[in-house]
Amino acid sequence: SPWKPGLLLLSPPAFSTTCARCAKDRRLRQKRAISERQLTRYFVDQRKVRVVGGQGGGGGHSFHSEPRKVFGGPDGGNGGDGGHVIFKADQQMKSLSSVFPFYQGFHGERGGSKNCYGANGAHMYVKVPVGTLVKEDGRVVADLTQHGEEYIAAHGGAGGKGNRFFLSNENRAPKFFTPGEPGQERVLHLELRTTAHAGLVGFPNAGKSSLLRAISRAKPAVAAYPFTTLNPHVGIVHYQDYEQVAVADIPGLIKGAHQNRGLGMAFLKHIERCRFLLYVLDLSVPQPWLQLQDLKCELEAYEKGLSERPCVVVGNKIDLAESRINLPLLREQVSARVIALSALTGDNLEELLLHLRELYDTYVKTEQARGQSPVKW
């Protein structure tokens with residue numbers, strides 16, 4: 001038809017929203033690739049948290065007035081109380097990595113007219129792992145050992161009083177009211193009493209991170225050049241009967257660690273919380289049994305009896321030629337059981353997993369004999 005003035009011609013859409021063929025041509029936007037290092041969540045067993053309770057709502061200030069009742073008197077209601085900050089133990093939480101450094105309770109609402117009270121502020125619940133110690137100025141103020149156990153870390157402020165509260169025979173028309181009180185403010189230190197069932201103890205570059213990657217799904221950073229882990233990692237070893245054994249990759253120790261050298265005391269505490277130890281030695285270095293002696297000396301200097309916990313000696317890097325020569329020499333010098341393996345190639349990992357389960361079963365029976373419940377993951 002001929003074009004007429006005032007007729008608007010609309011161009012056809014680029015694609016139809018109902019056509020199946022066009023819908024297939026559309027592709028979702030590709031997600032940005034995230035490196036393995038960015039996906040890693042470090043195990044955190046200490047946290048410094050500042051908690052502030054919610055502020056109470058102010059009291060109301062109003063006078064009642066209606067037809068034929070002009071001077072109805074004061075009717076300002078009280079303000080609501082501020083919310084608490086509460087730590088709650090949750091067995092699903094295994095680390096303090098999700099705990100933020102600051103929490104504040106919700107504020108209470110202001111009192112209204114007609115004697116309406118303000119609503120109380122909601123409580124702020126912070127989930128922490130079972131076995132969390134709450135310390136203030138070095139003093140233990142709470143020990144959350146049971147699932148669902150709660151501790152009020154900061155109380156909310158009380159709500160203010162409205163002018164109705166101050167009504168008396170002496171003062172029939174009070175005009176004053178009180179504001180809400182501020183919430184309690186505290187600085188607390190959270191500390192996990194239990195890190196893992198087993199701890200990998202060794203000097204830097206002994207292959208602890210590679211071993212943890214080989215026996216669990218944890219992904220600590222490893223590379224072909226020498227460096228040391230700065231943050232602890234925890235991996236879970238799964239067995240066919242659904243038992244789970246937690247193994248912690250403790251950052252490498254150096255001589256004089258008990259004197260706070262290197263990574264120092266902060267990471268000796270991780271070893272203190274483990275139920276049994278796995279000494280990881282580098283078999284490729286000359287005289288590897290000297291590593292075990294130095295490690296036990298550091299543990300004993302930090303805490304007497306720490307080196308006597310149930311343990312097993314793991315000789316790593318058996319795939320190297322020097323390691324095969326040092327292995328029989330190590331077994332002559334060490335009285336404890338020595339398991340030779342290679343975290344790189346996976347040789348003889350089954351023996352370590354079986355012995356790890358034996359140590360775990362012994363720990364469970366010992367705790368049950370004492371009348372205590374063993375730590376489950």
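Which residues does Asn78 touch, not counting residues up to four places away in sequence? Select Asn78: the residues in contact (heavy atoms within 4.5 Å) are Gly111, Cys116, Tyr117, Gly118, Gly160, Lys161, Gly162 and Phe165. A polar atom of the Asn78 side chain lies 2.9 Å from the backbone nitrogen of Gly162. Asn78 has a relative accessibility of 10% and therefore counts as buried (under 20% relative accessible area; exposed is over 50%, partly exposed in between, with a 1.4 Å probe and protein chains only).

This is a predicted model, in which local features need pLDDT of at least 70 and side-chain atom pairs count only at pLDDT 80 or more, while totals for chains, interfaces and linings use all residues. Residues are numbered from 1 along each chain as its sequence is written, and side-chain values use heavy atoms, leaving out hydrogens and water.

Next, select the open sheet of six strands, ordered β10-β11-β9-β12-β13-β14 with mixed pairing (strands are DSSP runs of E, at least two residues; helices are runs of H or I, at least four, all numbered from the N terminus; two strands pair if DSSP finds at least two bridges between them). Its edge strands are β10 (233–238) and β14 (338–340). Within the sheet, β9 (residues 198–201) runs parallel to β12, joined by four bridges; Gly199 has Leu277 of β12 as its bridge partner.

Finally, select Arg275, in the loop between α4 (265–272) and β12 (276–282). Arg275 is partly exposed, at 28% relative accessible area. The C-alpha atoms of Arg275 and Pro310 are separated by 7.7 Å.

Methods: A polar contact is a pair of N or O atoms within 3.5 Å; within protein, one must be able to donate a hydrogen and the other to accept it, and residues adjacent in sequence count only if both atoms are side-chain atoms.
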